[in-house]
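Hi everyone, thanks for making the time. Have the structure open while I talk.

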Amino acid sequence: MSEGTPAGRCGRCAHFVDDPRELERALPGLGILSSAWGSTRGDQGLCTVHDLFLQPVMSCPRFADAAIRNPG
Amino acid sequence: MATESSRRLKIFRTEDYWAIWLGLLVILACLVAFWSGSSLSRLAVTPGTWSSFDELADDLVKKAPAFAAVFAFFFVTFTVSMKIMGHEVRSFMIGFTVLFLGALAVFYLAGWEAMERLDLGAPLLALLVGIVIGNLATLPEWLKSALRTEYYIKTGIVLLGATLPMTLIATAGPVAFLQATIVSVTTWMTIFLAATRIFGLDPRFGAVLGTGGAVCGVSGSIAIGGAVKADKDHIAIGIAVVSVWAIVMIFFLAFVTKLMIPPPGVAPTEWWQISSGEAGAWVGTSEYADAAGFAVVAEIATTYGDAAINAFTLMKVIGRDIWIGIWAFVLSIVSVVFWEKRSDADRPTGRLGIGVVWERFPKFVLGFFAASAIMSLIAASAPADHVGRAPVAGSFKSQAQTATYDADFAGFVVPPELADRFVYDAAGGEIRFTGEMTLAELDALSRAADSDQRWALKRLQHASSWFSSELEPKAISPIKKLRSWAFVLCFLCIGLSTRFRDLLTFGLKPFWAFTIGVAVNVPLGWFLTTRVFDSFWSALR
């Protein structure tokens with residue numbers, strides 16, 4: 001989860017995947033000539049509800065607070 | 001508070017920043033050794049050439065301690081940084097050890113006389129060996145964990161900064177930017193229009209494909225994918241199409257450019273011939289990923305020197321890569337205004353601020369600039385009273401010329417204006433020159449010289465340059481050697497991680513849209529490099 005993202009935004013949503021390991025698994029071939037650990041990917045991630053690649057500052061009605069879903 | 005802490009953490013969580021720390025650490029170590037009167041050149045070595053197994057064994061035994069030192073340095077620094085970034089390091093340590101041994105084997109294979117006859121250097125060989133193994137065998141997870149192509153190439157690019165003077169970056173930057181912008185915008189528009197108008201693909205998909213071809217390959221596709229809120233499948237297809245074309249272009253561009261460049265020391269005379277600088281600039285406009293492009297220019301450099309690497313870096317990294325944030329910002333606005341459907345209320349919304357220009361900026365480039373600035377400052381501080389020395393009998397070797405000479409300077413007439421700077425030491429068997437000898441001064445000295453004396457004077461001119469005779473061999477050369485290791489590790493990774501069976505899963509529409517872009521990009525890059533900006537790229541060394 002993106003620590004700098006305001007509440008209610010994708011970066012703090014339980015459906016938002018921005019872990020680089022999971023991203024490289026979800027996007028096979030990403031590591032051949034690029035990386036999920038690089039600046040150009042930065043803190044962007046995948047929305048598992050809409051199957052979209054997003055900036056963490058986006059928002060939608062399906063927001064689910066990751067801090068409540070995954071406390072700690 | 002959260003923002004501040006995450007910003008602090010990012011410095012330790014991305015490969016870009018670690019590439020900067022590692023690159024600058026190498027440069028600092030080389031400089032400390034240089035300033036203390038020593039050099040890391042004995043430790044930072046690469047395998048030599050051989051034609052028999054005895055020669056191979058001799059070279060291996062002689063350099064084994066140095067190889068162990070290079071391995072230990074990379075092993076420790078990469079492992080520590082991978083641990084801090086959150087990787088599972090036990091697998092990485094085993095995988096990296098095997099990868100390093102693989103790189104060593106590739107270096108030696110490339111140094112074999114038979115491979116030299118085939119004109120196959122370590123970069124292409126690493127790629128070929130990797131592709132064969134990666135596509136015939138199932139790689140274990142521990143080896144996959146060490147295949148960090150981007151990390152190794154970024155580290156290599158930071159090290160490359162130490163070999164590119166800041167003045168060259170400042171003078172070449174605008175030319176590279178202008179040419180790269182023409183090619184990038186044309187290529188992007190071609191792929192985007194082909195994707196949307198001819199093949200009816202979603203405009204956001206077209207933007208992902210277009211940026212992959214026009215700006216910085218897979219990294220560009222990802223940066224733009226997030227900016228325009230692209231579908232996951234579009235990103236996955238974009239990665240596959242760009243990767244396949246990038247790998248194909250490595251072999252195509254390496255083969256074609258090596259045919260077009262005349263032998264070392266010979267200037268292009270035919271209309272179709274190009275200099276190695278032009279070759280590097282062309283690859284810079286027509287390759288899609290940094291790592292792929294460096295595979296081509298590093299291969300060219302094995303025979304023709306660093307001009308191709310320098311031109312490629314200026315064109316690709318400075319001309320194209322660093323502008324990805326601008327592309328992301330502009331396309332995020334275009335996406336919100338034109339491409340997103342108002343009817344889909346459930347879809348995530350939001351517009352990016354100007355801050356995205358910095359967020360998407362490839363931070364490792366800062367390390368490249370820092371390395372260049374550090375080395376340029378040191379090069380500018382050459383001592384004015386440096387005394388160059390050359391033996392009166394010996395050999396002179398440059399990229400274009402090699403000669404053995406035996407000169408006699410008894411009775412040599414020194415022009416009066418240089419009399420206080422030129423000394424012939426008959427007892428010591430050497431000639432000396434105080435301060436850096438200019439080409440005009442070399443001409444003045446050579447006017448009354450015979451052939452052997454001219455070679456000795458050429459060697460003296462080289463030795464009179466503090467940069468060429470001190471800084472370059474003692475501090476910059478070890479950096480170049482370690483850069484070669486980082487590059488070969490990277491090229492081996494590209495090969496090992498490229499499994500065509502897994503990549504060739506995309507439909508024909510995105511493939512053809514991208515291919516039309518390639519068909520425009522490659523000739524346009526050639527035309528601009530060899531017909532419009534040719535005088536600039538030809539002069540690059």
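Let's start inside chain B, where V26(B), I27(B), C30(B), L31(B) and F34(B) of α2(B) meet K474(B), A475(B), P478(B), I479(B) and L482(B) of α20(B). Sorted by class, this contact has 9 nonpolar residues, no polar ones and 1 charged. Please keep in mind that all of this comes from a predicted model.

How do the two helices sit against each other? In general, a packed pair is described by the angle between the axes and the distance between them. Here, α2 covers residues 15-35 of chain B and α20 covers residues 466-497 of chain B, and their axes come within 9 Å and cross at roughly 150 degrees. Angles over 145 degrees count as roughly antiparallel, so α2(B) is roughly antiparallel to α20(B). The crossing of this pair is right-handed.

Now stay on α20(B) and look for another partner. Which helix packs against α20(B) with the axes 8 Å apart? That is α8, residues 149-161 of chain B, and the angle with α20(B) is about 155 degrees. That angle makes α8(B) roughly antiparallel to α20(B) as well. The handedness here is left-handed, whereas α2(B) passes α20(B) in a right-handed crossing.

For those of you who like to click on residues, the α8(B) side consists of T149(B), Y152(B), I153(B), T155(B), G156(B), L159(B) and L160(B). On the α20(B) side, the residues they meet include I479(B), L482(B), R483(B), F487(B) and C490(B). The contact of α8(B) with α20(B) divides into 12 nonpolar, 4 polar and 1 charged residues.

One more helix pair, also in chain B. Helix α4, residues 89-110 of chain B, packs on helix α6, residues 122-136 of chain B, at an angle of about 125 degrees and with 9 Å between the axes. So this time α4(B) is oblique to α6(B). The crossing of α4(B) and α6(B) is right-handed. A103(B), V106(B), F107(B), L109(B) and A110(B) come from α4(B), and they meet A122(B), L125(B), A126(B) and V129(B) of α6(B). What classes of residue make up the contact of α4(B) with α6(B)? There are 9 nonpolar residues, with no polar and no charged ones.

Let's zoom out to the chain.

Next, the contact between the chains. Chain A puts in 34 residues and chain B puts in 51. On the chain A side, the elements giving two or more residues are α2 (30-33), β2 (45-47) and β3 (52-54) of chain A. Of these, α2(A) gives the most, with 4 residues. By class, the chain A side has 16 nonpolar, 14 polar and 4 charged residues.

Finally, a word on confidence. The mean pLDDT of chain B is 93, with 98% of its residues at 70 or more. Residues 1-5 of chain B stay under 50, and the model has 4 contacts for them beyond four places in sequence. For the complex, the predictor gives an ipTM of 0.90 and a pTM of 0.92.

That's my tour, and I'm happy to go back to any of these contacts.

Methods. Residues numbered from 1 in each chain as written. Chains lettered and ligands numbered in written order. Predicted model: local features only at pLDDT ≥ 70, side-chain atom pairs only at ≥ 80, totals over all residues. Contact = placed C-beta atoms within 7 Å. Nonpolar A, V, L, I, M, F, W, Y, C, P; charged D, E, K, R; others polar. Axes fitted to C-alpha atoms, helices over the stretch in contact; angles between N-to-C directions. Parallel < 35°, antiparallel > 145°, perpendicular 65-115°, else oblique. Left-handed = near helix turned anticlockwise from the far one by under 90°. pLDDT = per-residue confidence, 0-100.
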